[in-house]
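Visitor: I'd like to learn how to read a sheet and a few other features from a model. Could you walk me through this one?

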Amino acid sequence: MAERMLKFTTVERATPPKRAAGERAGDFHEIYADFIDAKAREQASRCSQCGIPFCQTHCPLHNNIPDWLRMTAEGRLQEAYELSQATNSMPEICGRICPQDRLCEGSCTIEQSGHGTVTIGAVERYLTDKAWEEGWVQPLVPGRPRGRSVGIIGAGPAGLAAAERLVEMGYAVTVYDRHDRAGGLLIYGIPGFKLEKDVVMRRTQRLADGGVEFRLNFEVGVEASLDDLRDLHDSVLIATGVYAARDLVVPGAGSAGVTPALDYLIASNRAGLGDEVPEFVSGALHAKDRDVVVVGGGDTAMDCVRTAVRQGARSVTCLYRRDRANMPGSAREVAHAEEEGVVFEWLAAPRAVLGEADLATGVRAARMRLGAPDASGRSAPEEIEGADFEAPAGLVIKALGFDPEDLPALFKAPDLAVSRWGTVKADFRSLMTSIPGVFAAGDIARGASLVVWAIKDGRDAADAIHRYLTEPALVAAE
């Protein structure tokens, strides 16, 4: 029903209602409401149904976005949901946390023409939340048993996506994770104001109900080595993610009050889940009544500054060495943080952590300017002589990115080959590591990246494992 579409010239782009900054800064609930039915259909109808769907090609999962937008506009909501989940194991999660402005929405044809992109992420979230409400989300049904098992190390998005696909193909799947809840950074790293935890838990519960066995509080390398898991399973997938924080290398960085971003976020999320977190209770990992400085410019930095606001920080400042246009984090997250009172010091880099008796009291920072492009093609920041400034800080959070842990040592697997960056080496086509029958997916193979890429990698790894277990000669030939 083409007449229902192409309304971008008469219907303005609109997002779901967003709670006022003063209201949302006092809690960890998501900041956007869902679309009402009529609004979702109206916004979906803005799609131009272009012949070359750049939204689809720029989605890592290549979701069939134009078709499920058309179905939504036509009121065929269950069909729209079924099409959206055919390529995506967690559409409601991607709808909430994907940086659509850098992916599907940023590539939307009508965005390029100046009419404002279709609100793809909001419609995706609406469809799947509606599906859960209406009972359209089907239980995970295991395929015909093959008598073979796969062990997955890591219960984050890559591991969960792989587990779902493997169960559907008839494999017995056990997921091992160091934490006491499945979900990885979806549970412990991403704050509730972006992704409420019951949204993740209903997904992991669906997997458990469908036969996935979760072995939680299980540290590979302590409870069992990688070789032990290889003895237990016909194949093993490494999907641990990357957790080693990059360090802040300046004088005073070892002072009390300087903490890695993930430690801070995990403590906050655990406290929100009702866990007893001594470092949170003591104030060591709590921002209440403290001046907070976050160093970094990615999405993790935005999670930290917005968490600190909600914890009642006296002031929150973000230091980033490049300008706003070169910030790697989501532009929408930056805007949300500014609305909530975060101060951004662009073109500023820490020179030293100030303190008294090894306790952080502030940060001395250098003013920067952008010089010639570096190896990545971005303008390299250079210090401006004599332009230092100081910011008060009782809590300094390092959000400089993540590197892989030393898995060969942790897993007691010296034959596990890694790249010069520490990521696990996996063959480009087969996704197998240097150890036969052991595969790798997600951030541990590609480096720190997006949840949507982890989901794609997990699904691809499941297919690769299936090929290995059913067509070993073909995989060996690759």
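Guide: Start with pairing: two strands pair if DSSP finds at least two bridges between them. Keep in mind that this is a predicted model. Here β7 and strand β8 (residues 315–320) run parallel and are joined by 5 bridges.

Visitor: Which residue in β8 is the bridge partner of Val292?

Guide: That's Val316.

Visitor: And how many bridges join β7 (residues 291–295) to β14?

Guide: There are 4, and that pair runs parallel too.

Visitor: Which way do the side chains of β14 point?

Guide: Leu395 and Ile397 point one way, Val396 and Lys398 the other, and all of them are buried. Buried here means under 20% relative accessible area.

Visitor: Let's turn to cysteines. How many disulfides does the count come to?

Guide: The rule is a pair of cysteine sulfur atoms within 2.5 Å, and the count comes to 0 disulfides. Cys50 is in none, as its nearest cysteine sulfur, on Cys55, is 6.1 Å away. Cys104 is in none either, with the sulfur of Cys59 the nearest at 6.4 Å.

Visitor: Why does Cys104 count as buried?

Guide: Because its relative accessibility is 8%. Cys50, at 26%, counts as partly exposed.

Visitor: One last stop: where does Ala155 lie?

Guide: Ala155 is in the loop between β1 (149–153) and α9 (157–168). With 1% relative accessibility, Ala155 counts as buried. Set aside neighbours within four places in sequence, and its contacts include Leu160, Val175, Tyr176 and Asp177. Also among them are Ala182, Gly183 and Gly184. As for His233, Ala155 is 78 residues from it in sequence and 17 Å away in space, C-alpha to C-alpha.

Note on methods: Residues numbered from 1 in each chain as written. Predicted model: local features only at pLDDT ≥ 70, side-chain atom pairs only at ≥ 80, totals over all residues. Heavy atoms only, no water. Buried < 20%, exposed > 50% of the residue type's maximum accessible area, 1.4 Å probe, protein only. Helix = DSSP H or I, 4+ residues; strand = E, 2+ residues; numbered from the N terminus. Contact = heavy atoms within 4.5 Å.
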